[in-house]
Amino acid sequence: MKLQVAMDLLTTEDALELAGKVAEYVDIIELGTPLIKAAGLSAVTAVKQAHPDKIVFADMKTMDAGELEADIAFKAGADLVSVLGSADDSTIAGAVKAARAHNKGIVVDLIGVPDKATRAKEARALGAEFVEFHAGLDEQAKPGFDLNGLLSAGSEARVPFSVAGGVNLSTIEAVQRAGAEVAVAGGAIYGAADPALAAKELKAAIA
């Protein structure tokens, strides 16, 4: 299982600083949607140039103009680009077309999708590299939230998937048991007093 750091920061400088601290321990460096909106796709270019050996994920959360938006992100240096699972099939297919032209990949993000297992299978059939079973920050803040719903849906879908939303040292073993190919840690890394140590511990916890 790969470890992905989600950088929900707001400046390219902060992103480069964090990436520099944790790159040794992670496989995928994700530039979160707030970072891309605040700093632009030049942040993707900067991170890819600084860490050419890492998979760089532009979390675009594209909802329309799939081929166009994916093409822009791939040209900026992204290796993976996200499209929302709630988007029309044609949007996902367009993004996949751009990915194939660049020899890159599309990740379909299932945030807000009620029947995640069914949509995951559909997204995979449309050409997604993998699907992300994702609970957003707002959903995680609700009373009683836990990862079990995401993990059971991921296991049921039987397609390559990642898990994002509440991944930390206490949950990463369950994420791996569920069969995820990628564990996505955001606040557990960037919110830690020592992000490098947090990333190292998460990587070590992956058997």
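Residues are numbered from 1 along each chain as its sequence is written. Because the model is predicted, local features need pLDDT of at least 70 and side-chain atom pairs count only at pLDDT 80 or more, while totals for chains, interfaces and linings use all residues; side-chain values use heavy atoms, with hydrogens and water left out.

**Helices H1 and H11**

Let us start with helix H1 (residues 12–22) and helix H11 (residues 195–205), whose axes lie 8 Å apart and pack at an angle of about 45°. Helices here are DSSP runs of H or I with at least four residues, strands are E runs of at least two, and both are numbered from the N terminus. Axes are lines fitted to C-alpha atoms, for helices over the stretch in contact, with angles running from 0 to 180 degrees between N-to-C directions. The angle makes H1 oblique to H11; under 35 degrees would count as roughly parallel, over 145 as roughly antiparallel, 65 to 115 as roughly perpendicular, and the rest is oblique. The crossing of H1 past H11 is right-handed, that is, the near helix is turned clockwise from the far one by less than a right angle.

On the H1 side, Leu-18, Lys-21 and Val-22 make the contact, and on the H11 side Pro-195, Ala-196 and Ala-199. Contact means heavy atoms within 4.5 Å. Five of these residues are nonpolar, none is polar and one is charged. In this scheme Ala, Val, Leu, Ile, Met, Phe, Trp, Tyr, Cys and Pro are nonpolar, Asp, Glu, Lys and Arg are charged, and the others, Gly among them, are polar.

**Helices H4 and H5**

The axes of H4 and H5 come within 7 Å and cross at roughly 30°, again in a right-handed crossing. H4 contributes Gly-66, Glu-67, Ala-70, Asp-71, Phe-74 and Lys-75, and H5 contributes Thr-91, Gly-94, Ala-95, Lys-97, Ala-98, Ala-99 and His-102. By class, this contact has five nonpolar, four polar and four charged residues.

**Salt bridges**

Side chains of opposite charge can pair when their charged atoms come close. A salt bridge is a side-chain nitrogen of Lys or Arg within 4 Å of a carboxyl oxygen of Asp or Glu, and the count comes to 10. Here are three of them:

| Pair | N to O distance |
|---|---|
| Glu-67 and Lys-97 | 3.9 Å |
| Lys-75 and Asp-71 | 3.0 Å |
| Arg-177 and Glu-173 | 3.3 Å |

Glu-67 in helix H4 (residues 66–75) and Lys-97 in helix H5 (residues 89–102) are 30 residues apart, and the pair links distant parts of the chain. Glu-67 is partly exposed at 36% relative accessibility, whereas Lys-97 is exposed at 54%; buried means under 20% relative accessible area, exposed over 50%, and partly exposed in between, with a 1.4 Å probe and protein chains only.

Lys-75 and Asp-71 are separated by about one helical turn, because they stand four residues apart in H4. Lys-75 is exposed, at 63%. Arg-177 and Glu-173 also sit four residues apart, in helix H9 (residues 172–177), so about one helical turn separates them. Arg-177 is exposed at 63% and Glu-173 is exposed at 53%.

**Thr-62**

Finally, Thr-62 is found in strand E3 (residues 55–62) and is buried, with 1% relative accessibility. Leaving out residues up to four places away in sequence, Thr-62 touches Glu-69, Ser-82, Val-83, Leu-84, Ala-87 and Thr-91.
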